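Subject: Structure handover

Hello,

Please find the structure below. My notes on what was found in it follow.

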Amino acid sequence: MERKRTTIILSVFCALLLAFVAVSPMFSYAETPYKTYTLSGYGDVQETQTAYLAYETLVKFGDEAMNRPNDVYVTDDNEIYVADTGNARVLVGNLEGELLGIIGEGTLKSPRGVFVTEENKHVYVADRDGEAVFEFDRNGKLLNTYGKPTSPLYGDNLSFMPIKVVVNDAGIMFIICESNTNGIVEISPTEGGMFLGYFGTNFASASLRTIIYRAIMTDAQRAKMVSNIPSTPDNLAIDERGLIYTVTRGDESKTLKRLNIAGINLIDKSRNATIPAAVTAGNHDNVYVADQNGYIYEYNNEGDLLYVFGGKDDGSQRIGLSTMVTAIQADKQDRLYLLDVDKAQIQVYTPTEFTSLLHEALYLYSKGLYTESKAPLEKVLQMNSMFDYANRAMGRAYFQEENYNMALKYARLAKDYEGYSDAYWEIRNQWLKRNITTMIIVIVLAFVLIKVLKNLDQKKGIFNGVRNLSKSIWSKDLMSHIKYAGYYMKHPIDGAYGISHEGHASWGASTILLGIFTIEYLVYKYLCGFLQKTVREGRYEVLSDVGIILVVIFAVTVCNYLVCTINDGEGTVKKIYTYFCFSLMPYILLTPVCFVLSHVLTTNEQFLINLLQILMYGWIAVLMVLGIKEVNNYTPKETVKIILLTLFTILIMALLVFIVYVLWAQVFEFISAIFGEVVYRLGY
Amino acid sequence: MATKKKILSLLLAALFLFTLLPAISFADEEPMVTYSDYQLVTESDSYKLYLYEPRMSILLENKETGVILESTLSDEKDDGKSNAIWTGYMKSGVVVQYIKGTNNTFQAELFNSDHTKTYRNLKNGFACDIYFTKEMFGFTVEVTLEGKELLVKVPESSIREDATDTFISAISLFPFMGYTHLGDTAGYMLVPDGNGALINLTDKEGRFSTGFSQMIYGRDDGFTDSTTPSYLWDKYDTVLRSNNVIAPVFGMAHTDEQQGYLAVVEEGQNRCTIEAQPNGVMVAYNRCLAKFLLRDVYIQPLNQSNSGTVTMAEVDRGHGDLAVRYFLLSGEDADYVGMALTYRDYLLEKGALAKKDTSYKTRVDFLGADVEPFLISTKSVTMTTTENIEEIYNNLRNAGVTSLLSVYKGWQKGGYYALPINSFSASKSIGGNGKLVDLIKESDENGYDLYLYNDGLRINGDTNKFTMNAVKKVNKRTLKEEPVKQVYDLFYYQMPNRAGSVLMKFVSSYTSKGVNKLALAGISNILYSYSSKGSYYTRSDTASAYEKTVAAISNNTDLILEQPFSYLWKYAGAFLDMPVGSSDYMFLDEEVPFLSIVLKGTLPMYSDYVNFEANKTEFFLQLVESGVFPSFYVTYENSAALIYTNSSNLYSTEFTTYRDTIVDYDKQMRQIAAATDGATITNHEKLSGGVTRVTYSNGTVVYVNYSNQPVSVDGYTVDALSYKVGEAQ
């Protein structure tokens, strides 16, 4: 019986083994369950080629599983150190899942952060409940313990609860402590841990609203307000040059910071993680930020977002999605390690060919090797011709090669205004050089031609026909009114008199001028030079533009009329409409000039356009004020009063419209609710 | 073989021994139910069917090997760690989930719940009339064994619901069929995710909180999704939708006992969830099952802002028989290849699959035009005109590409998103009707098949303001698809019968020109419940309406379908967008080309676009392994022109970029296809060292090496990340 049993067990075992070999897991990871996005030049989110593939999931090293791990560190030789918080130890392992060591068992209480020096493999552990940073050697021997600094500068009442730590080449520790809002604690290893001060302090920002609130609130109310204490960085990292990176949640554009040794921030633009959990430096002057919800962001050295990918696991348990991320690391092969505290696992991602090419280009470009960076950039653009960063870099590379037309094309694609302007300057310069002689000849010829024609005209009157024709056109009623707008522009006081007393007020002429104004406005808005453009290319909202113009002119006319009639003004609706429309004359005359200029000027010369525009708007304002004053026959004091009253009336009117709209929405909601109820009751 | 038999019989003996031991020692407690309590009901030439009446638990004994397949958790394998509800779930032959009021979290089964049941004898089996007395509903379960097939069925006529506020929500028949405990038995479960995937029956150490649970033929858009997904910057969904379950199958293989089954959901599959739960998900047992959905609760908003809502149970349940057919597999057949071959035979026999022209063609699709906003309207962004296609065709022909399959997307007036397509009216910018017809005819003569793409499902909500033809959800609100896009960001679904008439109109105006090549999408891979004019329609109604439409179209056209569900396979001349991978669930241990084995040699399959694959080398090898033909999506113009259109997600499509890849893939795949043409796959093995061996019915063997080193196998050396075509030894 006993022998038989052994045979059975053996045979079962063999069968098991056979079955295992037959279906040995060779999982292929061709697809990913997440998309990768990048940003376009306008900050639009665009889908792109998968940047990183989910490659491997580490749940344990040897037989040692992790329990609520909070931090991970990967050395240059790919040893993985995990702050295994729940088990109060640091696990050392590798990508194959082998256990290489356990550090700090018995010493550590609640290790939250881990850092390893490359040179001598000293392991620094930030232990929150142990209230100290422990320094071990690679074999787990405790070398040093850095407790709460004794320096009074640290703050006597502050506790010391380290949660993250990084160490620079000089052995100086940068420590983030829980509930210490003064900043990153900087401790030198000399004399058993000398406190050097606080580093990279975040500043509390106060919005205008908060300031107003504070000014009018009582003390009790103020005490209730959310305290305006600067937020502590959530995590930090250090790169090879000793620059410190921090991430702070709720700090909007300053979420990610790169701090030099003096604590000065070197990045201040980036599309950011909502709940940043961790940051790490890459091998190509790039930075990775991990969001707690599993999104991974990659930035270049200027803080431009290259990719964002990954995502939150909704419970369907798909590879590469996370539940709660606490740490991120990149190794020398650009693999990413994402630590998930909830799943107690490390997800490893590996870069795709696309990303590797981009990294190569990024590196070459940042080293100033523009021409060399073109080859990988071209491949990147083949794989994704809309990849904005590559377009921009390509534009710059062509600029360096003095191929300005290509530089211009790529800069425009990438919305790189600076690059576009530079390239355009060169192109214009070349054109001018080539054509200067022709231009001078043409100008001289034109001058001579005009002179000759004028002479001929004086002697023989060859343009009499044309002159008569234009006279007969302009003398038509409507046309004469339009012409009068020109006069009004130059002589507003006399002009206004004409409008009010000499019958120059005209519905038709005013409307035509308003029409011309609208067309010019639209043409300028949508078709002006690239550098002056305030709207996106490919975006047209013409209907709403026209609507706004009509509403504004309607509101201004009607309100002004209402105010004038009860203030002894002499203006009729027609007259008021006329002077407002006639006042737009400077815009009608000067905008074509601006339009032409916008197509030939570079960024440096844009001030010319701005100057013209200031002149234009100032002139319009003067015309309007004088129009109101003269047509209604007001004193200057009355005019000011009328203008203020008009503005106030417009405000009231807007408010009224808004209230009616809200009420109507309520009525509509009510009716639709009844309808919904009926539908539901009748089951129809 | 003899030793194998011996081992198996020994195993069986041991099993019985184990069952007896504890039964004796705990005699004073409630006596354990053992195999001896089961009674023989019927037997076929290969299996015996036993029944234990109190739990309606059955056993299937393989007459040849003596291996037993259990349908419910046996008392001796009960680890005693589960609560009463789970114990009831595991030990009952049938489990009902029911709705009381508007709450659908209640469970009734034969272990804990009060019920009456009467057994009747059937030819080859038995029937059991079950009635739950407290809940006041009941139905009949019929179990019959014929040869190697076990059919479990609930006839529609037997389902009774007598209470006014208690309704059946879901019925699971033998949810523990072929279960195993932790890693005790070697083997795997077959999951119909993507092309096919396996969950190994190993100890998962509690790593997974959920397993596979997906509705057959995709989720139901007619019900409002109650979970709020997490978006990047509150707007962008970064997570890809998981694959639809294309075929209603699942399976279990105990590889050490060489016993397993393939289950086909034969009736009621249109509203049924397939679950495959590894150990650690609530209990320590691996199990896979079909859960039939009869009725669900939904949220009824009462006003426009959705601030007032009520939760409702559906007024009526789904009607129709429910049936799962288990194909019992033993010996060599008890693996995923056996399952696939069994399924293929079943489909062929039923006429659900027919042999089509499977000769090799590379698929090169084109995007004609899309639109971008311009002033108050839009303007066309033309990417590939008919002349461009001619040029591309000439280019490829000169490079030695002898046959091609192309789908022309965005050919219609108004571009890709001008939906629905009511008549045959090509965009002027691509050359108009005349040139398009000429192109199709000409290229057909030269062996290049150009199909026009038509999404029969969607209505562009931005250009069609009226919603009377749009599908309303179960809660009578219009079903909307709102992608984050630049030009059009609102789409509706056409009512199924409307879709049918619109498509037929299109087909007649198209075929009147003497051309008939059509690629149909949208309705080929979606099912939903909907309401219309006070009536409520189920997924089965949708399915039959779509099947009718597709059948009618296939009579008049040369029809190919985009990722068609299994009931449409017989109408398709080709299967477009066949997945080669899975949805990357963590609990999946392996991906296997299950659907490929089923369809290879019968229905030609074309992959997703190679353009957008990040890892092209591996993707190519997967195509070689699964016998799926490669697909490309190209445009004549650079895709940067699409930046302001709805198609801005097509970031890399320019023909010149892909020309060499197309020619290279074509050359290699054509060679392989020549060796395997018309043959079916007879075996698929994953060997050690990262090599897969695929054997074809004509004796050709394809070796695929996914590893980074060259591997020697069967006397062939397969290079790293490469493949080799050989002959069977």
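Is B:N124 buried or exposed, or does it fall in between? This is a predicted model, so the answer is a computed one. B:N124 has 17 other C-beta atoms within 10 Å. A residue needs 20 or more to be buried and 12 or fewer to be exposed, so B:N124 counts as partly exposed. This residue sits in the loop that links β7 (115-122) and β8 (125-132) of chain B.

With 15 C-beta neighbours inside 10 Å, B:D714 counts as partly exposed.

One more loop in chain B is worth a look. The peptide bond from B:L419 to B:P420 is cis, and its omega is near -5 degrees. B:P420 belongs to the loop between β27 (404-409) and α5 (432-445) of chain B.

Now chain B as a whole. Chain B contains 10 helices and 45 strands. Its radius of gyration is 27 Å, close to the 27 Å that the globule rule gives for 729 residues, so chain B is as compact as a globular protein of that length. The C-alpha trace of chain B spans about 85 × 70 × 50 Å along its principal axes. Of its 729 residues, 53% count as buried. If one takes the contacts in chain B between residues at least 6 apart in sequence, 65% of them join residues at least 24 apart.

On to chain A, starting with confidence. The average pLDDT of chain A is 85, and 91% of the residues score at least 70. Over residues 1-30 of chain A the pLDDT is below 50, and this stretch has 43 contacts in the model beyond near neighbours in sequence.

The domain assignment divides chain A into domain 1 (27-58 + 237-351), domain 2 (70-203), domain 3 (353-462) and domain 4 (477-665). The centres of domain 1 and domain 2 of chain A, taken over C-alpha atoms, are 22 Å apart. Where these two domains of chain A touch, domain 1 gives 22 residues and domain 2 gives 17 residues. Several strands of chain A each supply at least two residues of the domain 1 side, including β3 (52-58), β20 (256-259) and β27 (345-351). Which strand provides the largest share of that side? The strand is β25(A), with 3 residues. By type, the domain 1 side divides into 11 nonpolar, 6 polar and 5 charged residues.

A:T355 is part of helix α4 (residues 353-366) of chain A. This residue is buried, with 24 other C-beta atoms within 10 Å. Leaving aside neighbours within four places in sequence, A:T355 is in contact with A:A51 and A:Y52. A:Y337 is 18 residues from A:T355 along the chain, and their C-alpha atoms are separated by 16 Å.

Helix α9 (residues 464-475) of chain A has 12 residues. From first C-alpha to last it reaches 16 Å, close to the 16 Å expected at 1.5 Å a residue. The number of its residues that are buried is 0, so α9(A) lies largely in the open.

Regards

Definitions and conventions
Residues numbered from 1 in each chain as written. Chains lettered and ligands numbered in written order. Predicted model: local features only at pLDDT ≥ 70, side-chain atom pairs only at ≥ 80, totals over all residues. pLDDT = per-residue confidence, 0-100. Contact = placed C-beta atoms within 7 Å. Helix = DSSP H or I, 4+ residues; strand = E, 2+ residues; numbered from the N terminus. Expected span 1.5 Å × (residues − 1). Domains from an automatic or database assignment. Nonpolar A, V, L, I, M, F, W, Y, C, P; charged D, E, K, R; others polar. Rg over C-alpha atoms; globule rule 2.2 N^0.38 Å.
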